[in-house]
Amino acid sequence: MTETTQGGAVGVKPPPSPDDSLSPADLAAKYGLTVSGARPSLPQYVKQLWGRRHFILAFSRAKLTAQYSQAKLGQLWQVVTPLLNAAVYYFIFGVIMEGRKGIPGGQGNYIPFLVTGVFVFTFTQTSVLNGVRAISGNLGLVRALHFPRASLPISISLQQLQQLLFSMIVLVAILIGFGNYPSLSWLLILPALACQFLFNTGLALIMARLGSKTPDLAQLMPFITRTWLYASGVMFFLPYQLSKIRAEPWLGDLLQANPAAVYMDLIRFAVIDSYPASSLPPHVWALALGWGLLMGIGGFVFFWKSEERYGRG
Amino acid sequence: MAVAEETQEKAEIVQQADGPPAQKPWIPTVIAQDLHIVYRVYGGAKGKGSATAALNRIVRRKPGGGVREVHAVKGVSFTAYRGQAIGLIGSNGSGKSTLLRAIAGLLPAESGHVYTNGQPSLLGVNAAMMNDLTGERNVVLGGLAMGLSREEVAERYQSIVDFSGINEKGDFITLPMRTYSSGMAARLRFSIAAAKNHDVLMIDEALATGDKKFQRRSEKRVRQLREEAGTVFLVSHNNKSIRDTCERTLWLEKGELVHDGPTEEVLKEYEKFTGK
């Protein structure tokens, strides 16, 4: 009693009680205290994440608008950047290196073929590149506030999806300019993009975990995604180029089954009228869904496994 | 159960004798047990920073190539109880903020444990916001990240802005945060974080932010939060604000807990130590 009144209005140490003999862990258990910052179970984690869905959405939108807020042209860059990319690839691969040859449906299809490819590939590429920095680039936020960390990579891939939808406006204009008018087959974009979004999110989650441990990845990844770009047939038709160098057929199958190529081919097939189904790899929809589910679920679990360790260092 | 009731009675006697704040039985809200925190810092390695030196380190597999370990908190143990306001003092770099982050579960412990009641919230002036975004957007995002619903954010938006006083000199809330002065930014961050009630609340130097008027306003808000919250931790270099707010104080020095006791007692020693 004396001790309780000594330190002012409230005491500092409790009066003697049976609790004194308890170890800290038992004391914590008795009063229902839990380990601070422990990793929640997977179902709990999903629930928490669902609770923050508005944050994820708002964060992705905010990042999207923040991206070009210092530029004079502002949000116009969201459309101009992929267009400039396509223009560079057109000049180098279409004009100089004659990538136009062998495009399904004839050389006149090259620009829609290229632009679709660039836009769709950029979606995956930037999800990877920004995913690496999802945790390490937002350490301030991670260390200041409590929220399921997966919110960050997920909102990054959501941000890229919104970016892609902007680019789609340009794509539609180009497609119409080259005589591809909207038809029912365009609806195939939706399932294809849904699978790609799932795939990208999983990949961003994986990269975020790796990038939080090994910041060096941010330096390395641009080279890897560029190699991936060339190996996926963004600016040329893969089977044609491979047949030119007489590559083994399994190499062609392998490259065409890679997720970036699968999603690109599907969307090209959906929007370009004269793009024949025969130029798609076999079992293409199964591949698209399989890659999406594999990466989406695998990446999520992989990221969750390390949830309590983000923000160290 | 009988024990709990007995202590409750005692606590009530205390309350009658000394008036507010309202006291409940001695219920622990935060238990730290032999807590150690180690930071791993890249790019802080001693030696030459050249590429050849880095390669040399990798080839020779020298431990900690490019990584340096900083042992920030060394074996701290204490138990905090509901209704307490606890001050944390110590010189710069003594591990106060690190300890708070660990209690909040934002930094993983190297060894030892922290047990807490519910989810402790850290209310710091350093909480990063997005500088490219407008203050408006930051308020909404910060609220959502803290776990408020969209309706709650919309409801509290005006009071957050009014509390921060950002709009007192014109419509600044719609400007990007990078255009704010450091005081304005800190005030907005504090206002956002203080918009929510917390079980265990930790305040990191927030009271030192802003002008006199804002300081008074934030001290009032902290007292309010303390009444609603179970336990309040306060880090401050201002001994007066510790005296005004806290009855118990922990003194950290070089990551070790030097003293844990009634504020007056600890502060007296601390002031002797700092030569005040």
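Student: Which strands make up the open sheet, and in what order?
Tutor: The order is β1(A)-β4(B)-β1(B)-β2(B), four strands with antiparallel pairing. Strands here are DSSP runs of E with at least two residues, helices are runs of H or I with at least four, and both are numbered from the N terminus. Two strands pair if DSSP finds at least two bridges between them. This is a predicted model, where local features need pLDDT of at least 70, side-chain atom pairs count only at pLDDT 80 or more, and totals for chains, interfaces and linings use all residues. Residues are numbered from 1 along each chain as its sequence is written, with chains lettered from A and ligands numbered from 1 in the order in which they are written.

Student: Which strands sit at the edges?
Tutor: β1 (34-35) of chain A and β2 (67-81) of chain B, each pairing on one side only.

Student: How many bridges join β1(A) to β4 of chain B?
Tutor: Two bridges, in the antiparallel sense, with β4(B) running over residues 111-116. In that pair, V35(A) stands opposite Y115(B).

Student: Why does D34(B) count as partly exposed?
Tutor: Because it has 13 C-beta neighbours inside 10 Å. Buried means 20 or more other C-beta atoms within 10 Å of a residue's own, exposed means 12 or fewer, and partly exposed is in between, with C-beta atoms placed from the backbone.

Student: And where is H283(A)?
Tutor: H283(A) is in the loop between α13 (259-271) and α14 (284-304) of chain A. Its phi is also positive, about 55°, although H283(A) is not a glycine. H283(A) is exposed, with 11 other C-beta atoms within 10 Å.

Student: Switching to β6 of chain B: buried or exposed?
Tutor: Five of the five residues of β6(B), 200-204, are buried. V200(B), M202(B) and D204(B) point one way, and L201(B) and I203(B) the other.

Student: What does β6(B) pair with?
Tutor: β7 of chain B, residues 231-235, in the parallel sense over five bridges. L201(B) stands opposite V232(B) there.

Student: What about chain B overall?
Tutor: Chain B has nine helices and nine strands. Of its 276 residues, 46% are buried. Among contacts (C-beta atoms, placed from the backbone, within 7 Å) with a separation of 6 or more, 71% join residues 24 or more positions apart.

Student: Now chain A. What does UniProt list as "transmembrane region"?
Tutor: The unreviewed entry lists residues including 187-208 and 220-240 of chain A. UniProt positions are in the numbering used here, feature names are shortened, and annotations may be inferred rather than shown by experiment.

Student: How much helix is in residues 187-208?
Tutor: That span of chain A is 91% helix and 0% strand, with end C-alpha atoms 32 Å apart. Residues 220-240 of chain A are 71% helix and 0% strand, with end C-alpha atoms 30 Å apart.

Student: How far apart are the end C-alpha atoms of helix α8 of chain A?
Tutor: They are 39 Å apart, which agrees with the 39 Å its 27 residues (151-177) should span at 1.5 Å a residue. The expected span is 1.5 Å times one less than the number of residues. G179(A) follows α8(A) and has a positive phi, near 80°.

Terms used. Contact = placed C-beta atoms within 7 Å.
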